[in-house]
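Subject: Structure for you to look over

Hello,

Here is the structure I promised to pass on. Please open it before you read the rest.

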Amino acid sequence: MYTDKIHDIAVNTFEVTCYMFPLEEWELDDAEHMTKPDGSIRSIVKFDGAAQGSMVIDPSEDLLSSIAANMLGVDAATEEEKEGALCEIANIICGNTVPLFAKDERICYIRPPRIADPGEDTDQIFKEMAREDIEVYLDEGIANITIYYSSEDDNDQGTDS
Amino acid sequence: MENVKLTILVVDDCSVMRFVVQRTIKMCGFDQAKMIEANNGKEALKILETHTVDLIIADINMPVMGGIEMIEHLKETSATSNIPIITVSTESNQPRVDLITEMSTSFIHKPFSPELLRDKLLKLLEKKAINI
């Protein structure tokens, strides 16, 4: 329902913040050779208020390294820097996405992002919630983004999107 | 104008973002600027007890003490009530954006380009909102 909008928000965030660009349709065949996200380092951002849920971003190893390197302007970032950079990207994407799920400009609160525990099964934890899954193919790697959500009025969910 | 010597307090719980803001400021020509960092609003208030700054660039969503609470404290004290503040946030809820804009001197929505931050800084200097 919101897939295209969330994809656009994510692409814009990567472009403006990390100087990365989405692959064109004709480039997607080459993406088969790119490293896929494996869930080893994920950032999770909780939100509540007019809509509740969490957003999880799972970047490929290549993308994670490039996010930090591009944001910091260094060749190779430390693990701590990679995690910090990923959390900031997650914060920006989530902050811009969550208003989609809140009706009538009611307020949502974004909680500070964190790195998910290795065994944290977010699909299981948030199984009762609606979800949106987005794959973002960029020139420097791939990111999977999942948003689990429910709004204050689930019956009206998305009708004005 | 960019060569003016500013002291800027950058308040953000993300060290990467503090670095990005500082790098952006330097890239925009304010390479003489002296930067001070704080992790959150509480830390910023502590720093301001002993330091004088020309400008504060602050995130809104921070643990311990967020940007809005920090600004409320700054406005209560005569020594800090007139320091210009650029708030940086992902906030998109218009009433909240209006509130933040009203409380601060300028508001920047994340993600932001280096040019946008530069324009905001130049505008504050032109308006002499920054006393240097």
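This is a predicted model: local features need pLDDT of at least 70, side-chain atom pairs count only at pLDDT 80 or more; totals for chains, interfaces and linings use all residues.

**Strand β2 of chain A**

Start with β2(A), residues 51-59. Eight of its nine residues are buried, so the strand is largely enclosed by the rest of the structure.

Which strands pair with β2(A), and in what sense? One is β1(A), residues 43-49, which pairs with β2(A) in the antiparallel sense over five bridges. For a landmark here, take Phe47(A): its bridge partner in β2(A) is Gly53(A).

The other is β6(A), residues 141-151. β2(A) and β6(A) also run antiparallel, joined by nine bridges. Look for Ile57(A) here; Ile145(A) of β6(A) stands opposite.

**Where chain B meets chain A**

Now the interface. Chain B brings 20 residues into contact with 25 residues of chain A. The size of an interface is often given as the accessible area lost when the parts come together. Here the buried area is about 1800 Å². Carbon and sulfur atoms give 58% of that area.

Six residue pairs are in polar contact between the chains, counting pairs with both residues at pLDDT 80 or more. On the side of chain B that touches chain A, α1 (15-27) and α4 (94-103) of chain B each supply at least two residues. α1(B) gives the most to that side, with five residues. By class, the side has ten nonpolar, seven polar and three charged residues.

How many salt bridges does the rule find across this interface? It finds one. The partners are Glu88(A) and Lys110(B), with their closest N and O atoms 2.7 Å apart.

**Salt bridges**

Side chains of opposite charge can pair when their charged atoms come close. Over all chains, the structure holds eleven salt bridges.

Go back to the pair that crosses between chains, Lys110(B) and Glu88(A). Lys110(B) sits in the loop between β5 (106-109) and α5 (114-126) of chain B. Glu88(A) is in helix α3 of chain A, residues 79-97. Are these two residues buried or exposed? Both Lys110(B) and Glu88(A) are buried.

Within chain B, Arg18(B) and Glu37(B) meet through their side chains in a salt bridge, at 2.6 Å from N to O. Arg18(B) lies in helix α1 of chain B and Glu37(B) in strand β2 of chain B (residues 34-38), so this pair ties together parts that are 19 residues apart in sequence. Arg18(B) has a relative accessible area of 9%, so it is buried. Glu37(B) has a relative accessible area of 38%, so it is partly exposed.

Next, Arg96(B) and Glu91(B). They form a salt bridge with their closest N and O atoms 3.3 Å apart. Arg96(B) and Glu91(B) are both buried.

Last, a network. Salt bridges that share partners join Glu88(A), Asp12(B), Asp59(B) and Lys110(B) into one network. Both partners of the bridge between the chains, Glu88(A) and Lys110(B), belong to this network.

Best wishes

Definitions and conventions. Residues are numbered from 1 along each chain as its sequence is written. Chains are lettered from A and ligands numbered from 1 in the order in which they are written. Side-chain values use heavy atoms; hydrogens and water are left out. Buried means under 20% relative accessible area, exposed over 50%, partly exposed in between (1.4 Å probe, protein chains only). Helices (H or I, at least four residues) and strands (E, at least two) are DSSP runs, numbered from the N terminus. Two strands pair if DSSP finds at least two bridges between them. Contact means heavy atoms within 4.5 Å. Buried area is the accessible area (1.4 Å probe) that two parts lose on being put together, summed over both. A salt bridge is a side-chain nitrogen of Lys or Arg within 4 Å of a carboxyl oxygen of Asp or Glu. A polar contact is a pair of N or O atoms within 3.5 Å; within protein, one must be able to donate a hydrogen and the other to accept it, and residues adjacent in sequence count only if both atoms are side-chain atoms. Ala, Val, Leu, Ile, Met, Phe, Trp, Tyr, Cys and Pro count as nonpolar, Asp, Glu, Lys and Arg as charged, and the others, Gly among them, as polar.
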